[in-house]
Amino acid sequence: MKRSFLFGVFMITALLLSGCSGDRQRIRLATGGNTGTYYAYGTAMAQILEDTTGYRFNVQSTGASKANIQLVADGEVEMAIVQNDVMDYAYHGTNLFEGEVIQDFQTLGALYGEVCQIIVDPASGIRSIWDLRGRTVSVGDAGSGVETNARQILDIYGISFQDIRKQNLSFTASADAMKDKKIDAFFCTAGVPTTAIMDLGTTNRIAMLSVDPEQAALLMEKYPFYTSYTIPAGTYKGIDEDVVTLAVKATLIVSGQVKEETVYELTKALFEQKDAIAGAHARGAELSPDFAVEGISVPFHPGAEKYYREIGVLQNEAESE
């Protein structure tokens with residue numbers, strides 16, 4: 001009898017522990033290359049969310065946005081960081097996902113801006129985007145999100161890639177080419193400040209181009225994932241006035257298979273722990289619920305939507321329209 005009683009107690013305890021463990025499941029988070037911002041930000045954020053909520057995170061280094069969307073769709077991870085323009089392409093089967101519609105994911109919220117920066121050599125005489133016609137311009141790596149951003153921005157000015165002497169160079173290679181006077185300008189979509197531009201500004205005079213308000217409005221109407229973004233004066237050496245440009249957003253997406261309660265808890269914790277995340281990574285300073293829901297063209301996960309409606313940001317957004 002005693003042995004049966006002890007066995008029964010053991011089984012009940014084991015089941016209770018198993019139930020607690022099941023409630024706090026492991027969440028696999030896809031980020032980017034292990035030297036990039038996605039990985040560093042994701043690691044810092046995941047540790048804070050794990051400490052706060054009890055959900056166990058497994059942060060994975062990946063090929064970033066496009067690969068991450070495919071990983072979520074294939075059930076290989078539950079969450080991922082991606083650019084909101086790339087996830088729009090996947091959801092609608094355009095650009096990088098031409099002919100391949102992927103909708104097996106939902107939005108948790110935008111995290112920080114990835115800013116479209118257009119750097120020019122002041123000696124080139126370029127003063128506006130209109131002046132890029134006929135110039136030697138690097139538009140990022142071939143097939144990259146940067147190249148797509150450059151094409152879309154130039155197009156709204158009536159400039160095609162055929163109208164410039166196009167170069168496909170990485171950020172670092174673009175900065176080196178400008179140092180050597182091999183290019184007049186280059187596009188860079190990245191968090192601000194960007195190391196390659198900072199390094200260039202310490203050795204060379206640089207200037208940055210603003211996007212004209214009329215063209216910005218047209219672009220945001222055509223591509224709702226863009227948002228307006230102001231780079232404050234002094235962000236880079238020699239840039240003494242604010243630069244008004246556009247940004248896409250590093251955004252958390254989540255599998256639709258994750259429970260509503262889980263995503264609600266994680267979304268709530270994300271914003272309640274903003275200060276801790278900002279202390280762990282500089283980009284965390286941009287976290288805000290209003291920022292998280294603006295410029296998002298893919299539906300929110302019900303758990304995230306519940307939180308945003310609870311605090312009023314989605315309701316307020318609707319009332320302002």
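Start by selecting Tyr41 and Tyr112: both are buried (buried means under 20% relative accessible area, exposed over 50%, partly exposed in between, with a 1.4 Å probe and protein chains only). You are looking at a predicted model, where local features need pLDDT of at least 70, side-chain atom pairs count only at pLDDT 80 or more, and totals for chains, interfaces and linings use all residues. Residues are numbered from 1 along each chain as its sequence is written, and side-chain values use heavy atoms, leaving out hydrogens and water.

**Aromatic pairs**

Rings of Phe, Tyr and Trp (its six-membered ring) pair if their centres lie within 6.5 Å; planes under 30 degrees apart are stacked, over 60 edge-to-face, and the rest tilted. By this rule there are 12 aromatic pairs. The ring centres of Tyr41 and Tyr112 are 5.2 Å apart with planes at 45°, so this pair is tilted. Because Tyr41 sits in helix H2 and Tyr112 in strand S4, the pair ties together parts 71 residues apart in sequence. (Helices, H or I with at least four residues, and strands, E with at least two, are DSSP runs numbered from the N terminus.)

Next, select Tyr307 and Tyr308. Their ring centres are 5.9 Å apart and their planes are at 65°, so call this pair edge-to-face. Tyr307 is buried at 7% relative accessibility, and Tyr308 is buried at 0%.

**A threonine in a helix**

Which helix holds Thr148? Thr148 is found in helix H5, where it is buried, with a relative accessible area of 4%. Leaving aside neighbours within four places in sequence, show its contacts (heavy atoms within 4.5 Å): Tyr89, Asn95 and Leu96.

How many disulfides does a search of the whole structure find? The count is zero, a disulfide being a pair of cysteine sulfur atoms within 2.5 Å. Select Cys116, and you will find its nearest cysteine sulfur, that of Cys188, 9.4 Å away. Cys116 is buried at 2% relative accessible area, and Cys188 is buried at 1%.
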